[in-house]
Amino acid sequence: MSNTRQLAKTLPCLFKDIVDKYPESQLRPCKTDSQTWKHASAPAAVVRINKLAKYFPELSLLNNCLEDYSICVNHYNQIVATNNFYQSLLNSDPSNVSSIQKNKRVIFAFNYYFYIILFLSHIHLITIFFRRFNLIKS
Ligand SMILES: [Zn+2]
């Protein structure tokens with residue numbers, strides 16, 4: 001019985017090219033001299049890769065050939081074993097602003113328009129006052 005699945009160590013790290021392409025992403029460099037490699041097609045890795053595909057479109061292109069990739073120990077620890085990296089992406093994503101922050105923005109906008117209306121109504125009152133004053137005077 002032959003094992004067609006290659007050893008994870010012999011496969012390239014899935015994140016190698018992404019590290020080069022997104023230097024601002026705070027992804028660690030690959031650790032190629034380690035004995036610890038994980039298959040990119042491992043269930044825990046697949047779940048995380050699917051989530052990250054929103055931020056790194058290359059990952060969704062590779063999604064159908066995860067069998068051909070592994071994950072080095074650095075990237076396994078940073079991306080699959082811990083949630084911190086994914087969480088930092090979520091926090092920096094403007095489409096994921098929490099509802100509290102959204103509410104603050106609404107309140108700020110409301111206050112802003114309230115003061116404009118207040119200001120305009122004062123101008124209106126002052127105008128009325130001056131018109132009356134002129135009428136009395138004339
Ligand atoms: Zn790597």
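Visitor: What is the average pLDDT of the protein?
Guide: This is a predicted model, and the protein averages a pLDDT of 86, with 90% of the residues scoring at least 70.

Visitor: Where is confidence lowest, and where is it highest?
Guide: Helix α6, residues 99-137, has the lowest confidence, with a mean of 81. Strand β2, residues 70-72, has the highest, at 96. Where pLDDT is low, the predicted coordinates should not be read in detail.

Visitor: How many helices and strands in the protein?
Guide: There are six helices and two strands. Starting at the N terminus, the order is α-β-α-α-β-α-α-α.

Visitor: And what share of the residues is buried?
Guide: Of the 138 residues, 15% count as buried. As for contacts between residues at least 6 apart in sequence, 74% join residues at least 24 apart.

Visitor: Let's take helix α2. Which residues are buried there?
Guide: Ala-45, Arg-48, Ile-49 and Leu-52 are the buried residues of α2. Viewed down the helix axis they fall within an arc of 105 degrees, so they line one face of α2.

Visitor: Why would residues three or four places apart point the same way?
Guide: Because an α-helix has 3.6 residues a turn.

Visitor: What does the face of α2 turned away from the buried side carry?
Guide: That face has the exposed residues Pro-43, Val-47 and Asn-50.

Visitor: And what covers the buried residues of α2?
Guide: The cover includes β1, α3 (57-62), β2, α4 and α5.

Visitor: What do the buried residues of α4 pack against?
Guide: They pack against β1, α2 (43-52), β2 and α5 (84-91).

Visitor: Back to Leu-52. Why does Leu-52 count as buried?
Guide: Leu-52 counts as buried because it has 22 C-beta neighbours inside 10 Å, and the cut-off is 20 or more. The residue lies in helix α2.

Visitor: Which residues is Leu-52 in contact with, leaving aside neighbours within four places in sequence?
Guide: Leu-59, Ile-79 and Tyr-86. Ile-79 is itself one of the buried residues of α4. Leu-52 and Ile-79 are 27 residues apart along the chain, and their C-alpha atoms are separated by 9.0 Å.

Visitor: Gln-78 now. Where does Gln-78 lie?
Guide: Gln-78 is in helix α4. This residue counts as partly exposed, with 18 C-beta neighbours inside 10 Å.

Visitor: What does Gln-78 touch, not counting residues up to four places away?
Guide: Gln-78 touches Leu-27, Arg-28 and Phe-85. Leu-27 is 51 residues from Gln-78 in sequence, with a C-alpha to C-alpha separation of 7.8 Å.

Visitor: Change of topic: which residue has a positive phi although it is not a glycine?
Guide: Gln-26 has one, at about 65 degrees. Most residues other than glycine have a negative phi.

Visitor: Where does Gln-26 lie?
Guide: Gln-26 lies in the loop between α1 (16-21) and β1 (37-39).

Visitor: Is Gln-26 buried or exposed?
Guide: Gln-26 is exposed, with 11 other C-beta atoms within 10 Å. The limit for that label is 12 or fewer.

Visitor: Last one, Asp-33. Where does Asp-33 lie?
Guide: Asp-33 lies in the loop between α1 and β1. Asp-33 counts as exposed, with 7 C-beta neighbours inside 10 Å.

Visitor: How many residues apart in sequence are Asp-33 and Cys-72?
Guide: They are 39 residues apart in sequence and 9.2 Å apart in space, C-alpha to C-alpha.

Methods. Residues numbered from 1 in each chain as written. Predicted model: local features only at pLDDT ≥ 70, side-chain atom pairs only at ≥ 80, totals over all residues. Helix = DSSP H or I, 4+ residues; strand = E, 2+ residues; numbered from the N terminus. Contact = placed C-beta atoms within 7 Å. pLDDT = per-residue confidence, 0-100. Arc of directions from axis to C-beta.
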